[in-house]
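Hi,

Here is the structure I promised to pass on.

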Amino acid sequence: MTEDLARWQFAITSIYHFLFVPVTIGLAFLVALLQTTWYKNGDPVTLRLTRFFGSLLVINVAIGVVTGLVQEFEFGMNWSNYSREVGNIFGGPLAMEGLLAFFLESTFLGVWIFGWGRLSKKVHLACIWAVSAGTAISAAFIMAANSWMQNPVGYVINPVTKQPQLNDIFAIFTNPVFLWSYVHVLLASLITASLVMLSVSAWQLRRRQNAAFVRPARLAVIVLIPAIILSMFIGSELGVVEGKYQPMKIAAAEAQWNTCDSHCSFSLFQVGGGRNDETPTQIIEVPSLLSILATNSINGEVQGLNQLQAQYVKEYGPGNYIPNVFIQYWSMRVMAYLALAVLLLGLWAAWLLRRKTLEKSKAFLFIATWAVALPFLINTAGWLLAENGRQPWIVQGLMKTAAGVSPSVSAYEIWISLCIFVLIFAVFAVVEGFLMVRFGRRELDETDDHPDTNDDESADMPALVY
Amino acid sequence: MTLGTFWFLIDVIFWVGFFILEGFDFGVGILHSFVSRNDEERRICINTIGPVWDANEVWLIVAGAVIFAAFPLWYATMFSTLYLALVVLLVALIVRGVAFEYTRKIEDPRWRTSFKWGLTIGSALIPLLIGVAFGDLLHGLPINANHQYTGNFFGLLTPFGLYSGVTMLVLSTLMGATYLTLKTTGDLHDRVAKLSTQIGWVSVLVVWGFVTWAHLGFAPGFVPNPVEVVAVLALIAAAWLAGNGSEGWAFAMSAVGVASTVGTFFTQLYPKVMISTTSRAYSITIANSASPTYTLRVMTVVALVFFPVVLVYLTWTYVVFRRRITGPRLGTPAEGDLSSPTSPTAVES
């Protein structure tokens, strides 16, 4: 009971946290690009655009930071046995994240917000780049820690205490799962933020006919297309890498119950095939595609869930080692299919930009406005695929999720915290959504209604931002 | 000194840094609702900490993460023991953090009032709750042989813990008052200056009570620890200096008072980190909770290389934003299409 509740709470708080994280990482980068352009061309419209999207960034960061605190605390609160066993390995990247990334990010964000007009343009520009670097470094440490749970490396088992202990920090940061998943997350962040920028620009072009927004739309598309294409390749390669260390995760994502020797077909759509239903009705299948996706070879073998289960029972003792197949199968497909839709949208936008008719295409602008929902669905599906696919392990092959909970925390207490978090997160989701929409729909010039700016460097300081 | 003790010391430094820096942010958050006569003054108060509060909160994150990495057993037991208290703490951190950014985003009195009180109450709860937690570490809690807490939520409300919470709350308010005195001008400045003297003398009494209780209750011997003496003397100096108008020194002495009060918790605890009232043998210590040497060595290298860099740019931000903050200056209408008609300004202190 406490395990299920603790898992629900962690899943809800992480998914919620990760709605804001990729926007922060991606938008910090895009705003830095905009400001760099302004630094070079000195155009007041570029400055307004920088500040316009900067305000969206700041609204978003506020929630991203505080929900991240919940994550850090939960390891100790809900997963104390996990923290106790592997804290000497897993805690390291978190401490480094605080020291190397959070200080950088939060210090320079504060200086950037309050520094308009106070600092020289060059130093002020450097501040937003420092924020962008901070967000990317932060993601690196979190992904290194998470990848260690997917593929534990760089440790030995202490012969006396029987606990895993760190013996090679470089292995943690060269973990193949880390390298591929980190790039994947950075690309996902760029995709998310560029779709946010595209969506806002599309609304402005459609409803306000403000041609200034063609510029951010173009920037968004220039970032989006390479990011989404690369992300598909990297994601596919990540699947191959994880298949090596976590074959169960991949077999479940394909609902592959029995081992297939070669030319395995990829199921595009099926009915049934969940946990207790081994005979799904295949609606559409593509011959040989699964072998290619899972092993990079048309002759590749894809292990089946039944065979893996038997092998794991032999290796780790009795138990169910198969993750929820329904979640795996569909999260993988939702992620991949929606990514394809994003790619098509990006190509459409590129074509319109080339013909210089983007601002006139009502259909595109309408669809692009609403397409902002896609990256959030894709990101959530991606994390479900990664985390659900690791179950029943909290650290693959080393520690089961059930063994990681806090023995002294009762189900009652988790119910209370779960309700409180859900309630407060729901309230702030509404507040944040409301603010993002409101600020995304402002007139461009309204950006400067808030007296946080003073473009005149010789003037006295802007004092009251808040 | 063992590596474990070294990291205990590093962690104490992070807690001290947190209670000094974020301490004045809490104080400003608490006081801004009470010392301001109007909305303009409330804004001035909040904006004195505007550029720095977020970075100051990182000290808490790092202090926690250092315990996670360097003392996993301590982290596991402390965080699961304090479960519901930490939920309240997280809610306070969330509401307060969001309030900074969101209060001014909507021109609606109800919206503003909600976030104003969110900021005030959140700022008061955080030092209070962490103070209770520190007090509990020293007072001791029922912890069994397996290092698991065997009590319930109400068991966390020990008298000493509660008094410790009040102590940290009062000290944060003092930090906020002396900081505001340094950063404001005019009428508002005169009010907070007077207030910081009063809070200063209250702090002397509260902390005198605290060190006495901490010493007689939990320390062997009768001779007071130097840290305890410094805590009381520094606060007497702070209150006296605040009354004399030595604003900078009053702030500095308050910081010394905070540092030695936090230091009192940890010097009394050392070499333990969390005391068990079930049996002293079950207490968590530096030795039984520290990570293996390799982990501590890696962290030492990272900290020695990067912490000085962090300190350099943190100092730089305080230099950049060193001026006092005031309301809009008469006779200088904002110019240019990018500045607001009511653009408030800062003046040299």
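Let me start with a loop in chain B: B:P271 sits between helix 10 (247–269) and strand 1 (272–274) of chain B. Helices here are DSSP runs of H or I with at least four residues, strands are runs of E with at least two, and both are numbered from the N terminus. The bond that joins B:Y270 to B:P271 is a cis peptide, with omega about 0 degrees.

Before going on, the housekeeping. This is a predicted model, so local features need pLDDT of at least 70 and side-chain atom pairs count only at pLDDT 80 or more, while totals for chains, interfaces and linings use all residues. Residues are numbered from 1 along each chain as its sequence is written, and chains are lettered from A and ligands numbered from 1 in the order in which they are written.

Chain A has a cis peptide bond too, from A:Q391 to A:P392, with omega near 10 degrees. A:P392 is in the loop between helix 13 and strand 5 (393–395) of chain A.

A:A255 is not a glycine, yet its phi is positive, at about 50 degrees. You'll find A:A255 in the loop between helix 8 (247–253) and strand 3 (266–271) of chain A. Is A:A255 buried or exposed? It is buried, with 24 other C-beta atoms within 10 Å. (Buried means 20 or more other C-beta atoms within 10 Å of the residue's own, exposed means 12 or fewer, and partly exposed is in between; C-beta atoms are placed from the backbone.) A:K356, also a residue other than glycine, has a positive phi near 60 degrees. A:K356 lies in the loop between helix 11 and helix 12 (362–370) of chain A, and with 9 other C-beta atoms within 10 Å it is exposed.

Now the domains. Chain A is assigned domain 1 (2–246 + 324–449) and domain 2 (247–323), with bounds that come from an automatic or database domain assignment. Taken over C-alpha atoms, the centres of the two domains of chain A are 30 Å apart. Where they meet, 18 residues of domain 1 of chain A are in contact with 19 residues of domain 2 of chain A; contact means C-beta atoms, placed from the backbone, within 7 Å. On the domain 1 side, helix 7 (214–245), helix 11 (325–354) and helix 13 (373–388) of chain A each give two or more residues. That side is made up of seven nonpolar, nine polar and two charged residues. (Ala, Val, Leu, Ile, Met, Phe, Trp, Tyr, Cys and Pro count as nonpolar, Asp, Glu, Lys and Arg as charged, and the others, Gly among them, as polar.)

Helix 13 of chain A also packs against helix 6 (residues 176–208) of chain A: their axes come within 9 Å and cross at roughly 160 degrees. Axes are lines fitted to C-alpha atoms, for helices over the stretch in contact, and angles run from 0 to 180 degrees between N-to-C directions. That makes these two helices of chain A roughly antiparallel (over 145 degrees; under 35 is roughly parallel, 65 to 115 roughly perpendicular and the rest oblique). The residues making the contact include A:I191 and A:L195 of helix 6 and A:L374 and A:N379 of helix 13 of chain A. By class, this contact has five nonpolar, three polar and no charged residues.

Between the chains, 73 residues of chain B touch 68 residues of chain A. Among the elements giving two or more residues on the chain B side are helix 2 (39–49), helix 3 (53–70) and helix 12 (293–320) of chain B. The chain B side divides into 48 nonpolar, 18 polar and seven charged residues.

Helix 2 of chain B is worth a click. Eight of its 11 residues are buried, so this helix is largely enclosed by the rest of the structure. Its cover includes helix 1, helix 3 and helix 6 (109–139) of chain B. The axes of helix 1 (residues 3–35) and helix 2 of chain B come within 9 Å and cross at roughly 175 degrees, and the two are therefore roughly antiparallel. Among the residues in that contact are B:D25 and B:V28 of helix 1 and B:R42 and B:C45 of helix 2 of chain B.

Cheers

Definitions and conventions:
Contact = placed C-beta atoms within 7 Å.
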